[in-house]
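Hi,

Here is the structure I promised to pass on. Have a look at it first, and then read my notes below.

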Amino acid sequence: MSRCYTQLALADRRRLHQLVAAKVPVNEMARQLGRHRSTIYREIKRNTFRDRELSDYDGYYSTVANDIAQDRRRRLKKLHLPRRAQEPLYRSHQESEPALAPDHGQDHQSVFSFAVIRASKLHL
């Protein structure tokens with residue numbers, strides 16, 4: 001098995017659904033799908049449908065499992081935040097100190113000069 005990581009496709013989940021319904025051992029499922037057995041265990045655990053009121057419908061269904069996995073990927077993608085929020089090195093003249101605002105007669109050249117001097121003092 002390669003170390004390249006890929007998501008399970010709907011076709012893989014359909015095949016897994018057939019194997020789960022046939023009660024094939026997990027090692028055999030992993031071999032047939034070309035995945036590690038822990039991937040199969042994880043897929044079945046995370047994406048098995050469970051209904052509290054109608055437990056007769058509980059089980060692994062390929063299309064439901066695919067929807068659950070897509071929702072999880074979409075939801076977790078929102079949680080990925082930048083490691084460190086960085087303040088911009090240079091601010092626009094509107095965001096800089098009040099003495100540099102255009103209504104005080106400062107032009108863009110003086111704003112840029114101020115930003116360069118400030119950055120050199122910060123050793124950037």
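Asparagine 66 is a handy place to start: leaving out residues up to four places away in sequence, its contacts are Leu10 and Arg13. Please keep in mind that this is a predicted model, so every value here is computed from it. Asparagine 66 belongs to helix H4, which covers residues 62–77. With a relative accessible area of 12%, asparagine 66 falls under the 20% cut-off and therefore counts as buried.

Now for the overall picture. The protein chain has 5 helices and 0 strands, and along the sequence the pattern reads α-α-α-α-α. Of its 124 residues, 23% are buried. The accessible surface is about 10300 Å², and carbon and sulfur atoms account for 53% of that. If you take the contacts between residues at least 6 apart in sequence, 43% of them link residues at least 24 apart.

Next, the charged pairs. Side chains of opposite charge can pair when their charged atoms come close. How many salt bridges does a search of the whole structure find? It turns up 4, and I'll go through some of them here.

One of them joins the side chains of aspartate 12 and arginine 35, at 3.4 Å from N to O. Aspartate 12 sits in helix H1 (residues 10–21) and arginine 35 in the loop between helix H2 (26–33) and H3, so this pair ties together parts 23 residues apart in sequence. Aspartate 12 is partly exposed, at 21% relative accessibility, whereas arginine 35 is buried, with a relative accessible area of 15%.

Another salt bridge brings together the side chains of arginine 13 and glutamate 43, with 2.7 Å from N to O. Because arginine 13 is in helix H1 and glutamate 43 in helix H3, the pair ties together parts that lie 30 residues apart in sequence. The C-alpha atoms of these two residues are separated by 8.8 Å. Are arginine 13 and glutamate 43 buried or exposed? Both are buried, and for glutamate 43 the relative accessible area is 7%.

Setting aside neighbours within four places in sequence, glutamate 43 touches Leu8, Arg13, Leu16, Thr48, Tyr60 and Ala65.

Aspartate 71 is partly exposed, with 39% relative accessibility.

Last, a word on the surface. Which residues gather in a patch of positive charge there? They are Arg42, Lys45, Arg46 and Arg50. Arginine 46 is part of helix H3, which spans residues 37–47, and glutamate 43 is in helix H3 too. The relative accessibility of arginine 46 is 49%, so it counts as partly exposed, while glutamate 43 is buried.

That's what I have for now.

Cheers

Definitions and conventions
Residues numbered from 1 in each chain as written. Predicted model: local features only at pLDDT ≥ 70, side-chain atom pairs only at ≥ 80, totals over all residues. Heavy atoms only, no water. Patch = residues over 30% accessible without salt bridge, like charges linked within 9 Å, V, L, I, M, F, W, Y side chains within 5 Å. Areas by Shrake-Rupley, 256 points an atom, 1.4 Å probe, with all protein chains shown as cover. Lys, Arg positive; Asp, Glu negative; His and termini not counted. Charge placed at Lys NZ, Arg CZ, Asp CG, Glu CD. Helix = DSSP H or I, 4+ residues; strand = E, 2+ residues; numbered from the N terminus. Buried < 20%, exposed > 50% of the residue type's maximum accessible area, 1.4 Å probe, protein only. Contact = heavy atoms within 4.5 Å.
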